[in-house]
Amino acid sequence: MHGPVSAGWLLVALCAVTGGYCLLRMRSTVEEQRRAAGGEALMGFGMAAMAVPAAAVTPPRWAWLVYTLVFGAAAVRALWAARAGACHLHHLVGALAMVYMAAVMAVAPGGGHGGTGLPLVTGALLVYFAGYVVWAGARLMPVPDAVGTGVRAGGVTGWGDRPELARACRLSMGIGMFAMLLTV
């Protein structure tokens with residue numbers, strides 16, 4: 001990642017913590033939530049790895065090709081999941097953005113950070129993720145308790161089933177993706 005080293009490490013931390021929480025969400029009792037959390041954990045940890053500042057580590061060119069393949073597979077999986085509902089299209093866009101950034105880095109001079117992407121693609125992705133961040137932030141409003149009891153309708157929820165934390169996780173990843181796209 002280009003830019004100040006401290007900002008790069010903050011982005012690494014944000015994405016790694018988000019990926020870690022998504023691993024916790026995989027303990028949910030709802031299968032669809034577990035599946036979504038697994039894909040989001042992959043995105044979070046992948047973003048953390050890709051955001052490591054160039055001053056710390058410059059990965060070899062083959063590492064970017066591996067990222068391209070991994071996130072290409074994630075994009076195919078998201079495309080398959082999108083058959084069941086449009087809510088999976090965001091995962092598809094995120095995976096394709098990761099493929100794009102990894103491909104840009106793979107062809108960059110020196111085989112690492114500092115590539116220059118296609119301005120039109122980068123701009124379109126920036127607009128998408130800026131809009132997503134605003135939308136996700138607006139959805140982060142608190143969920144009301146059932147009759148003021150402190151318990152959500154349907155019973156007590158575990159850490160993996162807290163909708164506001166899942167939304168915060170997605171918001172964090174959207175912010176991280178926007179920041180990473182600014183450096184492409």
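Analyst: Start with residue classes. Ala, Val, Leu, Ile, Met, Phe, Trp, Tyr, Cys and Pro count as nonpolar, Asp, Glu, Lys and Arg as charged, and the others, Gly among them, as polar. On that scheme, the lining of the second largest pocket has 11 nonpolar, three polar and four charged residues. Note that the model is predicted.

User: Which residues lie closest to the centre of the second largest pocket, and what is its volume?

Analyst: The volume is about 350 Å³. Of 18 lining residues, Arg-35, Arg-77, Ala-78, Ala-81 and His-88 are the closest to the centre.

User: What makes helix 2 roughly antiparallel to helix 3?

Analyst: The angle between them is about 160°, and their axes are 12 Å apart. Angles over 145 degrees count as roughly antiparallel. Therefore helix 2 is roughly antiparallel to helix 3. The crossing itself is left-handed.

User: How do you know what sets a cavity apart from a pocket?

Analyst: In a cavity a 1.4 Å probe fits but cannot get out, whereas a pocket is an open set. The structure holds two cavities of 30 Å³ or more. The largest cavity has a volume of about 130 Å³. The largest pocket has a volume of about 460 Å³.

User: What lines the largest cavity?

Analyst: There are 13 lining residues, with Met-43, His-90, His-91, Gly-94 and Met-173 nearest the centre. Helix 2 (31–50), helix 4 (89–107), helix 5 (119–138) and helix 6 (163–182) each give two or more residues. By class, the lining of this cavity has six nonpolar, five polar and two charged residues. Gly-94 is one of the lining residues, and Gly counts as polar.

User: How does the lining of the largest pocket divide by class?

Analyst: It has seven nonpolar, five polar and eight charged residues. Among the 20 lining residues, Ala-36, Glu-40, Cys-87, Arg-139 and Arg-170 are closest to the centre. Glu and Arg count as charged, Ala and Cys as nonpolar. Helix 2, helix 4, helix 5 and helix 6 each supply at least two lining residues.

User: Where does the "transmembrane region" label come from?

Analyst: From an unreviewed UniProt entry, which places that feature at spans including 6–24 and 36–56. In the model, residues 6–24 are 100% helix, with end C-alpha atoms 27 Å apart. Residues 36–56 are 71% helix and 0% strand, with end C-alpha atoms 32 Å apart.

Definitions and conventions
Residues are numbered from 1 along each chain as its sequence is written. This is a predicted model: local features need pLDDT of at least 70, side-chain atom pairs count only at pLDDT 80 or more; totals for chains, interfaces and linings use all residues. Side-chain values use heavy atoms; hydrogens and water are left out. UniProt positions are given in the numbering used here, feature names are shortened, and annotations may be inferred rather than shown by experiment. Helices (H or I, at least four residues) and strands (E, at least two) are DSSP runs, numbered from the N terminus. On a 1 Å grid over the protein atoms alone, a cavity is a set of points where a 1.4 Å probe fits but cannot get out, and a pocket is an open set with protein on both sides within 12 Å along at least five of seven lines; lining residues have an atom within 4 Å of a point. Grid points are joined across faces, edges and corners, and a volume is the space filled by probe spheres set on the points. Axes are lines fitted to C-alpha atoms, for helices over the stretch in contact, and angles run from 0 to 180 degrees between N-to-C directions. Angles under 35 degrees count as roughly parallel, over 145 as roughly antiparallel, 65 to 115 as roughly perpendicular and the rest as oblique. A crossing is left-handed if the near helix is turned anticlockwise from the far one by less than a right angle, and right-handed if clockwise.
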